[in-house]
Amino acid sequence: MNESVLIGKSERFLDQIKRKGISLSDIESPEKFLTLYTYLKDNMDTLQDMRETMEIKGYTAPYRSINKYGRPLSGETKAEDMYDVSRHTQYFRMNAAAKKNILDRVKSAMSSHRIAIGHLEEFATLECASCQRKYKGHEIALLTRENCQCGGDNIKLHVNRDGVYRLEIIPFLPLSGDYMVKLSELSPRSRQAFRSMVRILKQEKRGIVKTVSLVIKIMEDSRWVRKRVTIDAHEEANYEKEIRSQYGSNARIEMMQFHRKKPSIINDKQVQTALSLGYVKYAETEILHFLPALLEKSLSNKEKVEEYQEAMEVAERNANKYENGDDPETLKKFFLKKELEKRGLLDDGILNETIRQDLKEKDLLEKSLFLEIPRIYILWDLLHYYLTTSYDRRNKHSGPFPYLRPGLDSNQIKSFQDFKQDVVQIMQDHLTEGIEYIPQMGKVLSSKFSVEKKMKGLHLQMGPALGAAILSIEGNIPTERTSELFSIPLKDVQKEKETLETLQKPATSKAKQFMAMMKK
């Protein structure tokens, strides 16, 4: 396929996705759910084909062919030829930029679709009324034509109350790869929140040495020659012996450089961006719903604050009329003072003290909400997912967080800083969110990973109730509350909690073996 045709076809397909809005209304009906799921899966297959075609055609390194050819020396060519070479080089660079941009956009769209599909698969289990076969996770793809493999078409949908999903972020994901457009649409505070979210998801594991680059000196044709080689790193490796076995006994190592692999919590840049955008924009819409009521309760005189903001807007419009005038900020201050005087908001030429205090309170409140609530949303979902899933499941299935590390080290756990209690209280008062303040979140996660590590090889089943029990013990939260938060039967959580708390007096052989390992 011609490159311009491929680029044009890809852009039209992505624009088509952009024009089609995502609706979550009546998502609990099997027909609506499967229609959305099928649409996303079909898009994903098409995007996958596009990406493979682009990679085969060299879109991953489009500038390489240009860099192969140097600019001819001015003495070797005429001025007209130099102009032609420059014009052709510019054309090829523009073509290379178009290739790079479209591949970047396709990758972004794929990441967003992968996230959306993962949340949908966590959300529901589908059951055939004829044969009672249940479809969950990636098996739902077998039902995308609304027919069971037995031929039955009466499909029932069961919502996974104990699943980890947030379907509300799906409409805000850059499904058409337009992440730069969506980023530009964020408010200044939401952009700041976006950057902090990306930093959380980029939190890296402490470096593990994966490869070693060496500069070696070897004898070739009766003369010493330097070579640069790269070999895999090994524990307690004897690199000098390894080099001599490959290049002869005369080989000498002159320099060594260790290359460390630092995987992030979400080990994919496009997924980091898409998740951050989805959570930040969703949080922004939620905040704007309840913010007026909260300000009404928090400020001494909300009407005066709104009047001040109207005066600011009028002053800014008046200042913008004088493009070639004085400094815009000076003009803005001048018109603002006039507006405030007209509205009676000044006391002896100074802004009223009550209004000043209200403006300060409003600024602090909005800053706290817009920065903290997106962080609470995503960290709560990640914590929930880590606590209620096993290591093997996280390792084998992408779920709602593609490229998520199945386990975290102590450096990555630092991202799970405790929530602000006052913001959590605001969310509980104004939003229907099952989110709780958890003291020492990092300790809770570390305990879960420690239990997983100790239980590995014992062939003991680790269900969601175990994570809820660990949260109750390490987070000092009543068992009833953890059961409610994770939608897990109370008796299951109590059973796991009793198991963890009575391991000091093991009765069965498995419990004794487990306790012995825990003490190591």
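User: What makes up the secondary structure of this protein, and how are helices and strands assigned?
Analyst: The protein has 19 helices and eight strands. Helices are DSSP runs of H or I with at least four residues, strands are runs of E with at least two, and both are numbered from the N terminus. The model is predicted, so local features need pLDDT of at least 70 and side-chain atom pairs pLDDT 80 or more, while totals for chains, interfaces and linings use all residues. Residue numbers start from 1 along each chain as its sequence is written, and side-chain values use heavy atoms, with hydrogens and water left out.

User: Why is L299 called buried?
Analyst: Buried means under 20% relative accessible area, exposed means over 50%, and partly exposed lies in between (1.4 Å probe, protein chains only). L299 has a relative accessible area of 8% and is therefore buried. This residue is in the loop between helix 8 (269-298) and helix 9 (302-320). With contact meaning heavy atoms within 4.5 Å, L299 touches V305, D358, E361 and K362, leaving aside residues up to four places away in sequence. The C-alpha atoms of L299 and L359 are 8.6 Å apart, although 60 residues separate the two in sequence.

User: Why is the pair of F123 and Y165 called edge-to-face?
Analyst: Rings of Phe, Tyr and Trp (its six-membered ring) pair if their centres lie within 6.5 Å; planes under 30 degrees apart count as stacked, over 60 as edge-to-face and the rest as tilted. The structure holds eight aromatic pairs. For F123 and Y165 the ring centres are 5.2 Å apart and the planes stand at 90°, so the pair is edge-to-face. F123 belongs to helix 4 (residues 79-123) and Y165 to the loop between strand 3 and helix 5, so the pair ties together parts that are 42 residues apart in sequence. F123 is buried, at a relative accessible area of 5%. Ring pairs also link F33, Y37, F123 and Y165 into a cluster.

User: What makes the pair of W380 and F486 tilted?
Analyst: The centres of these two rings are 6.2 Å apart and the planes meet at 55°, so the pair of W380 and F486 is tilted. W380 lies in helix 11 (residues 353-388) and F486 in helix 17 (residues 479-486), so the pair ties together parts that are 106 residues apart in sequence. Both W380 and F486 are buried.

User: How do you know that the charged end of K20 sits over the ring of Y39?
Analyst: A charge sits over a ring if NZ of Lys or CZ of Arg is within 6 Å of the ring centre and within 35 degrees of the ring normal. The charged end of K20 is 5.1 Å from the centre of the Y39 ring and sits over that ring.

User: What share of the contacts in the protein with a separation of 6 or more joins residues 24 or more positions apart?
Analyst: Such residues account for 73% of the contacts in the protein with a separation of 6 or more.
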